[in-house]
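Visitor: Could you take me through this structure, please? I would like to begin with what surrounds the ligand.

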Amino acid sequence: MATQAGEVRRVACLTPSFALLAELDGRPVAYVVVRIMAGDDTWMAEIETLSVDVAHRGRGIGQALMRAVDERLESLQIRDAVVAVVSTNTGAIRFYERCGFTVYQHDLYRRT
Ligand SMILES: CC(C)(COP(=O)(O)OP(=O)(O)OC[C@H]1O[C@@H](n2cnc3c(N)ncnc32)[C@H](O)[C@@H]1OP(=O)(O)O)[C@@H](O)C(=O)NCCC(=O)NCCS
């Protein structure tokens, strides 16, 4: 177990996960956190979180941030990307569809 934990830590340090911040007039208005992880036989990216300040939504900032993510992934030669979105977040689903994502799997379990 200790060896596995060490390996996980080592991989986590080595993988180039990243975060990007979008600024407007010097003020932060949006951010995205992207985790790089091992896929089946290559590396893949997971959009961990992406958020645009509510006052600045619907102006293309999210899409611009995703373009910057794509550029970074391209430089890392990573093509595969996934994102988890709850089914009630219809705005985000539409957003990711506009960014080229399609449904891959549904498997969110909840206990209250
Ligand atoms: C989802 C989110 C990141 C979109 O950012 P944004 O800057 O408002 O999006 P954009 O202006 O770049 O919109 C791009 C496209 O997404 C679609 N879209 C974005 N928000 C939408 C909404 N609430 N409802 C429907 N479509 C939406 C639009 O169709 C738009 O395409 P079009 O105008 O060319 O038709 C932003 O609404 C947000 O921060 N939401 C809360 C956090 C969240 O849910 N994050 C995603 C889960 S990780």
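Guide: This is a predicted model. By class, the shell around the ligand holds six nonpolar, eight polar and four charged residues.

Visitor: Which residues come nearest to the ligand?

Guide: The shell has 18 residues around the ligand, and those that come nearest are R57, G62, Q63, G91 and R94. The elements that give two or more residues to this shell are β3 (43-52), α2 (61-75) and α3 (90-98).

Visitor: And which element gives the largest share of that shell?

Guide: That is α3, with five residues.

Visitor: Let us step back. How many helices and strands are there in the protein?

Guide: The protein has three helices and four strands. Read from the N terminus, its elements follow the order α-β-β-β-α-β-α.

Visitor: How are the strands arranged in the sheet?

Guide: The four strands make an open sheet, ordered β1-β2-β3-β4, with mixed pairing. Its edge strands are β1 and β4 (81-83), each of which pairs on one side only. On average, neighbouring strands of this sheet are turned by 25° against each other, with direction ignored.

Visitor: Do go on with the first pair. How many bridges join β1 to β2?

Guide: Seven bridges join β1 to β2 (residues 27-38), and the two strands run antiparallel. Within this pairing, F18 stands opposite V34 of β2, and L24 has R27 of β2 as its bridge partner.

Visitor: Why does β1 lie largely in the open?

Guide: Strand β1 (residues 18-24) has seven residues and the number buried is zero, so β1 lies largely in the open.

Visitor: What about the turn between β1 and β2?

Guide: The hairpin has two residues between the strands. D25 lies in this loop between β1 and β2, and its phi is near 50°, a positive value in a residue other than glycine.

Visitor: Is D25 buried or exposed?

Guide: D25 is exposed, because it has 5 other C-beta atoms within 10 Å, and a residue counts as exposed at 12 or fewer.

Visitor: Where is Q77, and what is its phi?

Guide: Q77 sits in the loop between α2 and β4. Its phi is near 60°, again a positive value in a residue other than glycine. Q77 counts as exposed, because it has 8 C-beta neighbours inside 10 Å.

Visitor: What share of the protein is buried overall?

Guide: Buried residues account for 12% of the 112 residues in the protein.

Visitor: One last point: what share of the contacts joins residues at least 24 apart?

Guide: Among contacts between residues at least 6 apart in sequence, 45% join residues at least 24 apart.

Definitions and conventions:
Residues numbered from 1 in each chain as written. Predicted model: local features only at pLDDT ≥ 70, side-chain atom pairs only at ≥ 80, totals over all residues. Buried ≥ 20, exposed ≤ 12 C-beta atoms within 10 Å, placed from the backbone. Pairing = 2+ DSSP bridges. Axes fitted to C-alpha atoms, helices over the stretch in contact; angles between N-to-C directions. Near = placed C-beta within 6 Å. Nonpolar A, V, L, I, M, F, W, Y, C, P; charged D, E, K, R; others polar. Contact = placed C-beta atoms within 7 Å.
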